[in-house]
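Biologist: Could you help me learn to read a structure like this one? I would like to begin with a single residue.

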Amino acid sequence: MPQMTDERVRAGLTREEDLSLLHEVSVKTAGVSHLEMCIQCGTCGGSCPAARDMDHTPRMLFAMLRAGMREEVLRSNTPWICVSCYHCVVRCPQEVHIADVMYTLKGMAIKANLFSDSTAPHFSQTFVDMVESYGRSFEFGLASRHYLRHFPLRLPGMMPMGIGMLTKGRMALTPKRIKKMDQLTAILNKAKTLELTS
Amino acid sequence: MNKYLFYPGCSMESSAKAYMESLNTILEPLELSFEEIEDWNCCGATEYLGINLIPAYSLIARNLALASNQMNPMNGTGATHTIVAPCSACYLNLAKADHYMQERPSLGAKVNQALEAGGLHYTPGTLDVRHLIDILVYDVGVEKIRSKVVHPLTGLHVAPYMGCMLPRPDYKHRWSDHEHPTELVDVLRALGADVIDYPLTTECCGGHMTQIGPETAFELIRRLVADADDRGADLMATVCPMCQMNIDAYQNEMNHFFGTDYHIPVLFFTQLMGLAFGREPEELGIGAELVSARNALAHIGVEVPVTQEPAGPRKKSEGLPMPRRLNKHEGKEVVK
């Protein structure tokens, strides 16, 4: 159980320490996340090519995790802006699996339905729908569904590119399907009943 | 003949067809034999991992399980336990699943529970997951590549673009450096190309942000293209379908966004290998890029046949100011 220690009172802290969110995220992350080892050095944010578009740098987000600020963390756009370039990951002195923690936070935010801009979650979900239907990605279906829904204003400007991709044979109009779709479906259905708990 | 299991990945059949076509032309001269994994599925790219963890890893692991079943009949002829991926995102996903299933046995157990529903099993560590350029540099060797060159790319200024997901996070310590690796430089030099200094070589191309947060992606693409241009590159060479797609297909939209006029073609390194090995541009998918490489290749005497170009957007007249949508970064930063 979290304790309100004398040290925390002397330090002027008004809440008892609650690391349950930190542990929850760490457990749900693939591999051994090392999230608890973060020393708040800020190397991650300083290495991030997309930090300027983030609500919080990764360092700040990890401090918020440690402080148990569940709602604020899951509302942050940071995990959605992360481009998975792994610059922070190879530079982190504590070897925190930062990019994988971001994936975990995305999954938690979708479940909690807290992240307000639906563009990114919908894109991921549409991609996953295609893969779950065909076993392969289907760029034309994905792009048309996604742009019509979220970026209709981008469509006119993108016409030359779309036409170029089609005429140059770089985008198929029909999806490819794997042979053993039943097998893949059985695997994924089973997988959906499982969760990392320890 | 060195035999390998081959995981093409979805884009090799569509947006990166040119990569596949050019790859096919270099296998024989380099004495490589690739056997495709039967009935492979999509690796989930960077999308499934953020939706649901165990299904995402199970999706990847089905490929590993199929490959490990397939490697048994290939006995006796060398590196059969090696699975080669030409796409950096596929390579990373396969390597990641293999690595994390070992590092976190509870993940490995759950993934195998799911695989069993499809009659499959994968023992992590069974396969070596490697990228195409890793095979070319460390198995084939730069000297052998050099020995096959009949048309050196002398005078072609190439920016070597490795991208981010290849040298990082590098679970098995395969690469010369995480941020400034030399593998692609070595291959391009062996082809006789004038490889320019390109410090951004492992910066991100924007990944899926071209789809979900174009403003973020455009800035990343702009940095890469602007730097290549500043340093006098005729073109960029890449090792990944997603990098090629982002920098090539979105370069026009990026130019519109910033009011710039960059024109840096992006070719797969295998296309340049094919040219140097004496193949014709048509055999190598050259011409499929949206930012045409025709002028760049004319420098070295390669003539790319004219294909039907799609009509570009009409040129805006400079005369009348037209209303336009304001974007998020306007006023925040002026970028040329």
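Modeller: Happy to! His56(A) sits in the loop between helix H3 (43-47) and helix H4 (58-66) of chain A. Helices here are DSSP runs of H or I with at least four residues, numbered from the N terminus. This is a predicted model, where local features need pLDDT of at least 70, side-chain atom pairs count only at pLDDT 80 or more, and totals for chains, interfaces and linings use all residues. Residues are numbered from 1 along each chain as its sequence is written, while chains are lettered from A and ligands numbered from 1 in the order in which they are written.

Biologist: Is His56(A) buried, exposed or partly exposed?

Modeller: A residue is buried if 20 or more other C-beta atoms, placed from the backbone, lie within 10 Å of its own, exposed if 12 or fewer, and partly exposed in between. His56(A) has 19 within 10 Å, so it is partly exposed.

Biologist: Which residues is His56(A) in contact with, leaving aside neighbours within four places in sequence?

Modeller: Contact means that C-beta atoms, placed from the backbone, lie within 7 Å. For His56(A), these residues are Leu61(A), Met64(A), Ser76(A) and Thr78(A). Thr78(A) is 22 residues from His56(A) in sequence, with 6.0 Å from C-alpha to C-alpha.

Biologist: What about confidence in chain A?

Modeller: pLDDT is the predictor's confidence in each residue, from 0 to 100. Where pLDDT is low, the predicted coordinates should not be read in detail. Chain A has a mean pLDDT of 92, and 98% of its residues reach 70 or more. Confidence in chain A is lowest in helix H1 (residues 6-10), at a mean of 84, and highest in helix H12 (residues 181-191), at 98.

Key: Helix = DSSP H or I, 4+ residues; strand = E, 2+ residues; numbered from the N terminus. Contact = placed C-beta atoms within 7 Å.
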